[in-house]
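Subject: Structure handover

Hello,

Here is the structure we talked about, with my notes below it. Please keep it open while you read.

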Amino acid sequence: MSLSKINPTKTKAWKALLKKKLELDGAKIIDLFDSTNDRLKKFSINFDNLFLDFSKNIIDDKTFALLLELCEECELEKNIKCLFNGNKINETENRSVLHTALRDFDLNTEIGDELSSDREKIKKFTEDILSGVIKGSTNKKITDIVNVGIGGSDLGPNMVVESLKFYETDLTCHFVSNVDGDHLSEILKKINPETTIFIIVSKTFTTQETLTNAKQIKDFLISRSIEDVSKHFIGVTSNIKSAVEFGFDKENIFNMYDFVGGRFSVWGSVGLSVSLAVGYENFEKFLKGANKMDEHFRVSSFDKNIPVCLALISIWYNNFMNCETEAVLPYSEYLKFIPNYLQQMFMESNGKCIDRSSRKVDYQTGTIVWGGTGTNSQHAFFQLLHQGTKIIPCDFIGFKSSLHGNNEAHNKLMSNFIAQTQALMIGGSMGDSPFRKFEGNNPSNTILLDKVSPESLGMILSMYEHKVFVQGIILNIFSFDQWGVELGKSLANTLLTEIESKNILDHDPSTENLLDKLINK
Ligand code: F6P
C-alpha cells in the first residue's frame, strides 16, 4: 500500500474552507468563546501529563469540522497505517519510514530484535564508560565525549542533551558540527585527548563536514601522541564499510538504518551521546515518552488527536489565512535548542514544491518555523507578535513545576507564559495614543506539561514529528526525502577544486568575482 496521491485543493473540504475563511474575516477569537458551545472542552486535549489548549485560534466549530473532513478526504487514516506498517512511503528513496520502531519496545519482528540488541549495546557502552570499565588508550577514565556530526546527526542529540542537562552524568558532552575549523579548534582547546571519546555520527559516512572533522581529530590525537587512536573513536553509521576503511574498530560501530531519516534518528544509536550524557535509564524513559505519543497518534480519533489537531491548525493558517511563519516558544531555558531542531524537522521534511504525482504544486507547503525561549523572546521579538502587521501563530510550551524548585522564579515565568497568550488574544490599550494599542486576535496553542523530564521531552518531539507527517500527507508531498540539499553540496565540491587549484572556470559573473576575491586575497 502506498501513500494516497490526492490534490487537497480539489477536495470539497478545501473549497468549503476557502469560503469559511471569508466568513471568518474580522472574527474575534474572544467572541468565538461565546458563539462556540463548550469551546474550551472541544478545543483542548488531555493526554498523560500533556495538556493542549487550542481554543485561542481563529477557528469555530464549522472550521474544525471542515478540517476534520479534509483528513477524511485525504485518507489520513490509511496513510497513518502505511507509516506504522513500514510500507515504503519514502518513495523517492524507496525506503520505509520507521523511526517509531526505534522507540517501540514491544516490536516482535526481526527488526524489533535488532533494535533491541542495539539498545543493549548502547546500555552496556554507557555503563562501561560511566563506571570506568572502558578507559582511554593511556588507561585513564573517560571524562569528556565529543559528538561529531551535522544536521540530524547533531541537532537531535545536541538539543536533547541540553534539554535534559538537569539529569546529567559526570561526563561532559561537546558537539562539533560545522566544517568551519574554528568550531573544532574551540572544542579541542577544552578537552584532554587522553580522557576523551569522539563519537563520529554520519548515516551515510559521506558527509564532507563530518569526515573532515573526523580526519582532523585523528591527526590531532596522533599529534598528541595517542598511540591507540581507535580507543578514542566510536562510529555511528549505516555505512559500516566506509567507517572500517576510515579506521574504526568494527566493534566500536553502532548501527543506523536506511529506514530512519537523519532528522528522526535521535531515538536510535545517534542518541548514544544522550545516553552517555544523562544515563541509559533516562535515555530509555525518553524513548518511552515518545512511544506513548506514537500510540496516542495511532489510535486516537482525529478530533482528540494532538498531532492531528496541531497539523490541521497549521494548515488552516498556512493555506487559508496566508500566514508566513509559525513560532515555537518554550518557557524553559533547558529547551532553548528546540526551535533549531524543529526547523530541520519541519523545513527539511515539508519544504517541497512537487506533489506525490510529480506535479508542481499551486498551493503553500512547508511552514517556516522559528522561535526562542520565553521570557527572553518577550524582550526581543514579541513586539512584532503583538503590534506587527503579520499574524504569527505561536506554540507556547510550558511546565507546571521547575526542576530546581525555585518557586518564586517559576511563578514569575509561568505568569508571563499565560499572560502572553492572553495578551496576544485579547489585545488592549495601555493609554490613549495609537502607539499603545494592541489589536489582539493573535492565535496561539498552549502546551502544558508537568516538568521537563526525559518522558515529557520524548512526548513533545514525537508530537511534532507526527504533526509534520500529517501536514505532509494532506499537502500531498513526500516528507521523508531531502533532495533540496544536494545541489549546493555538489556545486561546493566543484568550487573547492577551483579554490584549491586557484583555477577559476566559467561561471556567472557574480560567482567568478567572489572566487577571484577569495583566491587573490
Ligand atoms: O544535508 C542534509 C542531511 O542529509 C540531513 O538530512 C542529515 O541529517 C545530515 O545531512 C547529515 O547526514 P549524515 O548523517 O549522513 O552525515
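What covers the buried residues of α14? The cover includes α7 (155–163), β8 (325–330), β9 (368–371) and α17 (454–474). Before going further, please note that this is a predicted model.

Helix α14 itself runs over residues 338–350, which makes 13 residues. From first C-alpha to last, α14 reaches 18 Å, close to the 18 Å expected at 1.5 Å a residue. Its buried residues are Ile338, Pro339, Tyr341, Leu342, Gln344, Met345, Phe346, Ser349 and Asn350.

The ligand

There are 14 residues around the ligand, and those that come nearest are Gly152, Ser153, Ser202, Thr204 and Thr207. On its own the ligand has 400 Å² of accessible area, and the protein covers 88% of that.

Helix α16

His410, Met414, Phe417, Gln420, Thr421, Leu424 and Met425 are the buried residues of α16. They pack against α2 (29–35), α15 (382–387), β10 (394–399) and β13 (444–449). After α16 comes Gly427, with a positive phi near 65 degrees.

Phe417 also belongs to a cluster of rings: ring pairs link it with Tyr331, Trp370, Phe381, Phe382 and Phe396.

Aromatic pairs

Over the whole structure, a search finds 29 aromatic pairs. One of them is formed by Phe233 and Phe246, and it is edge-to-face, with 6.4 Å centre to centre and 90 degrees between the planes. Phe233 lies in strand β6 (residues 233–237) and Phe246 in helix α10 (residues 240–246), so this pair ties together parts that are 13 residues apart in sequence. Phe233 is buried, at a relative accessible area of 5%, and Phe246 is buried too, at 17%.

Tyr257 and Phe259 form a stacked pair, with 4.9 Å centre to centre and 15 degrees between the planes. Tyr257 has a relative accessible area of 12% and therefore counts as buried, the limit being under 20%. Phe259 is buried as well, with a relative accessible area of 10%.

Loops

Leaving aside residues up to four places away in sequence, Asn305 touches Ile45, His296, Phe297 and Ser300.

Thr389 sits in the loop between α15 and β10. Thr389 has 80% relative accessibility, so it counts as exposed, for which the cut-off is over 50%. In sequence Thr389 is 360 residues from Ile29, while in space the two are 18 Å apart, C-alpha to C-alpha.

Backbone points to check by eye

The peptide bond from Gly374 to Thr375 is cis, with omega near 5 degrees. Thr375 lies in the loop between β9 and α15.

Ser225 is a residue other than glycine with a positive phi, near 60 degrees. It is placed in the loop between α9 (208–223) and β6, and it is exposed, with a relative accessible area of 58%.

Asn322, again a residue other than glycine, has a positive phi near 55 degrees. Asn322 is found in the loop between α13 and β8 and is exposed, with a relative accessible area of 58%.

Regards

Technical notes. Residues numbered from 1 in each chain as written. Predicted model: local features only at pLDDT ≥ 70, side-chain atom pairs only at ≥ 80, totals over all residues. Heavy atoms only, no water. Buried < 20%, exposed > 50% of the residue type's maximum accessible area, 1.4 Å probe, protein only. Helix = DSSP H or I, 4+ residues; strand = E, 2+ residues; numbered from the N terminus. Contact = heavy atoms within 4.5 Å. Near = heavy atom within 4 Å. Areas by Shrake-Rupley, 256 points an atom, 1.4 Å probe, with all protein chains shown as cover. Phe/Tyr/Trp six-rings, centres within 6.5 Å; stacked < 30°, edge-to-face > 60°. Expected span 1.5 Å × (residues − 1).
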